[in-house]
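Follow the paragraphs below with the structure open beside them.

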Amino acid sequence: MREFKELQDIIDIRNSKDDLVHSEYLDIVKYKNKEYPIIGITIGTKNKNVPTFGLFGGVHGLERVGTHLAINFLNNLIARLSWDKELRREFQNFRIVSIPLINPGGMDHIARSNPNGVDLMRNAPVDAEIESAPKPGPTDLSSIILRGAGKAPDLNNKAKSVAD
């Protein structure tokens, strides 16, 4: 597998020995004989029915700061878990889920899109699964602006693995 600093930092978090830290390989991105893992990290209970905070970064490969913030936050939290008994107790009732680097191929190649040329921020479902309140926007100001994006596109496989 291809590794670079940010990816190595995430692998180091994955190798944490704390029993509240869980991780998994969500997918592998293959590009030009290189493989890049997409790693998911969960801190806290394994119960999916508790309040959950999501922390995601690296959607656009050329924007590294989100990944750096996610890595630093997770590292500081894991270090705190080594001595903070109250925090450990709190994590019985909630969890943090994180994909600190959603687009490792794009980051390695310093590109907004993934190695297949897909902008992951523009490759997501557009149809809500539940009824939501309408939000005012530019379409309310002019009839020239098209309303809505239409039906959801077929998600790129990598975007689908993140959504699942």
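The side chain of arginine 89 makes a polar contact with the side chain of glutamate 86, at 2.6 Å. A polar contact is a pair of N or O atoms within 3.5 Å; within protein, one must be able to donate a hydrogen and the other to accept it, and residues adjacent in sequence count only if both atoms are side-chain atoms. This is a predicted model: local features need pLDDT of at least 70, side-chain atom pairs count only at pLDDT 80 or more, and totals for chains, interfaces and linings use all residues. Residues are numbered from 1 along each chain as its sequence is written, and side-chain values use heavy atoms, with hydrogens and water left out.

Arginine 89 lies in helix H3, residues 85–90. Helices (H or I, at least four residues) and strands (E, at least two) are DSSP runs, numbered from the N terminus. With a relative accessible area of 44%, arginine 89 is partly exposed. Buried means under 20% relative accessible area, exposed over 50%, and partly exposed in between (1.4 Å probe, protein chains only).

Next come the strands. S1 and S2 pair in the antiparallel sense over 10 bridges, and S2 and S4 pair in the antiparallel sense over four bridges. Two strands pair if DSSP finds at least two bridges between them. Isoleucine 41, in S2, is the bridge partner of serine 23; in S4, the bridge partner of isoleucine 41 is serine 98. S2 is mostly covered, with nine of its 11 residues buried.

Helix H1 (residues 5–14) has the buried residues Glu6, Leu7, Ile10, Ile11 and Ile13. Seen down the axis of H1, these buried residues fall within an arc of 155°, so they line one face of the helix. The arc is that of the directions from the helix axis to the C-beta atoms. An α-helix has 3.6 residues a turn, so residues three or four places apart point the same way.

Which residues touch the most other members of the largest nonpolar core? Of its 29 residues, they are Ile41, Ile43 and Phe91. Such a core is a set of buried Ala, Val, Leu, Ile, Met, Phe, Trp, Tyr and Cys residues joined through side-chain atoms within 4.5 Å. The elements that give two or more residues to this core are H1, S1, S2, H2 and strand S4 (95–99). H2 provides the largest share, six residues.
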